[in-house]
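Visitor: Could you take me through a close look at the sheet and the parts that surround it? I would value one connected account, with the criteria stated.

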Amino acid sequence: SATVDEQWAQKNLPLVKSLQKAKYYVQVGAFANPRSAKSAIEEVAKGYQVAVLPEKGGTKPVYKVFVGPLNEDEKGLLLYLFRSKGYRDAFIKQGQP
């Protein structure tokens, strides 16, 4: 059964089951607490499409926050932008074909 955190995440985060095939995303963070993921979205992703991919890790899911889907031209620019905003660990991920 879903925990209180998981229920909150389902109501308040743009959860996806997978990333769109062959599309690019910038991962800006991974959070054990869904409320932290929500804060990151509000801070970095105003005006951008966002996807949150919950990945089961041990007992609780980790909420990975992605900006995207992006095209080839956008991905490098946004990676630079988010790194310059302090998200040093941001990286590009491509949806599995």
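Guide: Two strands count as paired if DSSP finds at least two bridges between them. The strands (E, at least two residues) and helices (H or I, at least four residues) are DSSP runs, numbered from the N terminus. This is a predicted model, in which local features need pLDDT of at least 70 and side-chain atom pairs count only at pLDDT 80 or more, while totals for chains, interfaces and linings use all residues. Residues are numbered from 1 along each chain as its sequence is written, and side-chain values use heavy atoms, with hydrogens and water left out.

Strand 1 and strand 4 run antiparallel and are joined by 4 bridges. Within this pairing, Val-26 has Ile-92 of strand 4 as its bridge partner. The two strands belong to an open sheet of 4 strands, ordered 2-3-1-4 with antiparallel pairing. Strand 2 (50-57) and strand 4 (91-94) form the edges; each has a single partner strand, so one side of each is left without a neighbour in the sheet. On average, neighbouring strands are turned by 40° against each other, direction ignored.

Val-26 and Ile-92 are also among the residues that Lys-75 touches, together with Tyr-24 and Leu-70, not counting residues up to four places away in sequence; contact here means heavy atoms within 4.5 Å. Lys-75 lies in helix 3 (residues 72-84). With a relative accessibility of 15%, Lys-75 counts as buried (buried is under 20% relative accessible area, exposed over 50%, partly exposed in between, with a 1.4 Å probe and protein chains only). The side chain of Lys-75 makes a polar contact of 2.7 Å with that of Glu-72. Such a contact is a pair of N or O atoms within 3.5 Å; within protein, one must be able to donate a hydrogen and the other to accept it, and residues adjacent in sequence count only if both atoms are side-chain atoms.

Two backbone features deserve attention. In strand 3 (residues 60-70) one finds Pro-69, which is joined to Gly-68 by a cis peptide bond with omega of about 10°. Ala-22 sits in the loop between helix 1 and strand 1 (24-31) and has a positive phi of about 65°, although it is not a glycine. Ala-22 is partly exposed, at a relative accessible area of 43%.

Technical notes. Axes fitted to C-alpha atoms, helices over the stretch in contact; angles between N-to-C directions.
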